[in-house]
Amino acid sequence: MSLTMSSSQPRVALIGGGIIGLAIGWRLALAGASVDIFERDAAAGQRASRAAAGMLAAAVEAEPGEQPLLPLCLASREMWPDFAAELEAASGLPVGLRREGTMVVALTRDDVETLRSNYEFQRGLGLEIHWLTGAQAKEREPFLNPRTAAAVYSPRDGQVDNRLATAALRVALARAGGRLHEGTPVTGLEISAGRVTGVQLGDRVQAADKVVLAAGAWSRLLPGLPAPPPVRPVKGQMLSIAMDPAAPLLNHVVWGPKCYLVPRADGTLIVGATTEEKGFDEQMTAGGVLALLEAAWRTLPGIEELPIREMWNGLRPGCRDDAPILGWAEGVEGLALATGHHRNGILLAPVTAHTIADLVLTGKLDEKIAGFGAARFARPGAAAA
């Protein structure tokens with residue numbers, strides 16, 4: 001999807017080198033902007049972007065209370081095939097997009113009741129999902145628990161390998177002329193007459209016509225923000241198991257009770273994820289790992305003899321309504337926000353990149369993100385962060 005070319009080549013500084021910042025930067029560079037991305041860590045994309053599972057689960061993750069977010073998720077899911085193809089062509093690297101669909105399985109009578117309730121809610125939203133008997137589920141995935149009682153199949157929900165996609169974005173950004181500055185924390189904003197004019201990098205200033213804050217869970221910690229975005233860290237512990245890539249136990253993304261399972265083409269099976277309000281604590285815990293392994297084993301018993309490949313955790317950038325903050329910041333002209341994506345950062349990367357890049361270049365707010373500005377948290381009756 002093309003963006004408006006800028007004849008004046010605006011200078012844009014992006015704060016944060018995760019998948020959101022990299023994707024926006026790539027789009028801006030392609031459109032002719034002068035782009036500098038500043039990443040506080042020694043390497044970009046090593047926080048939430050690396051920790052994610054890469055699910056494109058717009059349908060099966062649709063929950064009551066999140067209806068306003070659904071159109072944005074669906075729009076971005078449908079953008080992923082073209083986004084992936086363009087990114088692979090631009091970088092020469094794979095991104096691991098898979099479109100077998102996603103299954104949600106139920107093992108017990110209580111699981112079935114919960115599954116049925118969610119299914120009816122999601123069908124009521126017009127989503128393309130299908131009810132499967134236990135036998136039909138096991139026809140698709142023979143190694144599921146023999147007691148699998150029912151499942152829901154979403155043919156349009158898939159996955160992308162988030163680590164590969166982030167690596168591809170780094171290359172595509174550089175080839176488009178964008179600059180990535182790793183190990184370079186932004187220590188503040190330069191503001192003159194209410195307008196951002198650059199970013200502070202310790203004892204020097206990088207001038208910029210526009211600035212995009214895409215620092216994930218750390219977004220509200222940027223010094224000097226008149227109205228810090230109400231984003232908090234939401235911890236998630238995860239692990240992976242090594243399957244035989246020639247004979248994997250699983251081919252679809254599968255949600256079981258209390259876990260999800262994401263098979264990669266190389267035989268890696270990702271198991272996730274806990275959801276913990278622990279601030280910036282990034283320790284793995286025995287209880288978190290035990291809960292994941294038990295839930296995964298109940299869903300897919302064959303993992304019992306397989307080796308654990310890796311264990312890790314990440315900090316999702318969460319807002320209290322579980323929706324992202326997209327648009328101009330309050331109180332600072334020229335500062336755009338692209339943060340708070342919570343569990344949907346990978347899914348929403350294409351639509352975020354397009355809409356925020358277009359906003360920066362043209363000043364026009366795409367209707368798809370019109371309801372996701374920071375101002376929604378200042379409305380009367382809004383809950384405290």
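**Cysteines**

I count a disulfide as a pair of cysteine sulfur atoms within 2.5 Å. With that cut-off I looked for disulfides, and the structure holds 0. Before going on, I noted that this is a predicted model, where local features need pLDDT of at least 70 and side-chain atom pairs count only at pLDDT 80 or more, while totals for chains, interfaces and linings use all residues. I also noted that residues are numbered from 1 along each chain as its sequence is written, and that side-chain values use heavy atoms, with hydrogens and water left out.

I then checked accessibility, with buried meaning under 20% relative accessible area, exposed over 50%, and partly exposed in between (1.4 Å probe, protein chains only). Cys-319 is buried at 1% relative accessibility, and Cys-259 is buried at 3%.

For the helices I used DSSP runs numbered from the N terminus: helices are H or I with at least four residues, strands are E with at least two. My axes are lines fitted to C-alpha atoms, for helices over the stretch in contact, and the angles run from 0 to 180 degrees between N-to-C directions.

I took H1 (residues 19–30) against H6 (residues 162–175) and found that their axes come within 9 Å and cross at roughly 30°. I sort angles as roughly parallel under 35 degrees, roughly antiparallel over 145, roughly perpendicular from 65 to 115, and oblique for the rest. H1 and H6 are therefore roughly parallel to each other. Their crossing is left-handed, a word I use if the near helix is turned anticlockwise from the far one by less than a right angle, with right-handed for clockwise.

Which residues make the contact? I count contact as heavy atoms within 4.5 Å. On the H1 side I listed Ile-19, Leu-22, Ala-23, Gly-25 and Trp-26, and on the H6 side Ala-165, Thr-166, Leu-169, Arg-170, Ala-172 and Leu-173. By class, the contact of H1 with H6 has 8 nonpolar residues, 2 polar and 1 charged. In my classes, Ala, Val, Leu, Ile, Met, Phe, Trp, Tyr, Cys and Pro are nonpolar, Asp, Glu, Lys and Arg are charged, and the others, Gly among them, are polar.

Next I turned to H1 and H3, whose axes come within 13 Å and cross at roughly 70°. That makes H1 roughly perpendicular to H3. Here H1 brings Ala-23, Trp-26, Arg-27 and Leu-30, while H3 brings Phe-83, Glu-86, Leu-87 and Ala-90. I find 6 nonpolar, no polar and 2 charged residues in the contact of H1 with H3.

A reminder to myself: most residues other than glycine have a negative phi, and most peptide bonds are trans.

I found a cis peptide bond between Gly-272 and Ala-273, with omega about -20°. Ala-273 lies in the loop between strand S16 (268–272) and helix H7 (286–299).

Lys-258 is not a glycine, yet its phi is positive, near 75°. I placed Lys-258 in the loop between strand S14 (253–256) and strand S15 (259–263).

I looked up Glu-61 in the loop between strand S3 (55–56) and helix H3 (70–91). Glu-61 is buried, with a relative accessible area of 13%. Leaving aside neighbours within four places in sequence, I see Glu-61 in contact with Glu-66, Trp-255, Arg-343 and Asn-344.

Pro-223 sits in the loop between strand S12 (210–213) and strand S13 (232–242). I have Pro-223 down as partly exposed, with a relative accessible area of 42%. Not counting residues up to four places away in sequence, Pro-223 touches Thr-187, Gly-188 and Leu-189.

Ala-150 belongs to strand S6 (residues 150–154) and is buried at 3% relative accessibility. Beyond residues up to four places away in sequence, Ala-150 touches several others, including Val-104, Leu-115 and Trp-131. I also noted 44 Å between the C-alpha atoms of Ala-150 and Leu-173, which are 23 residues apart along the chain.
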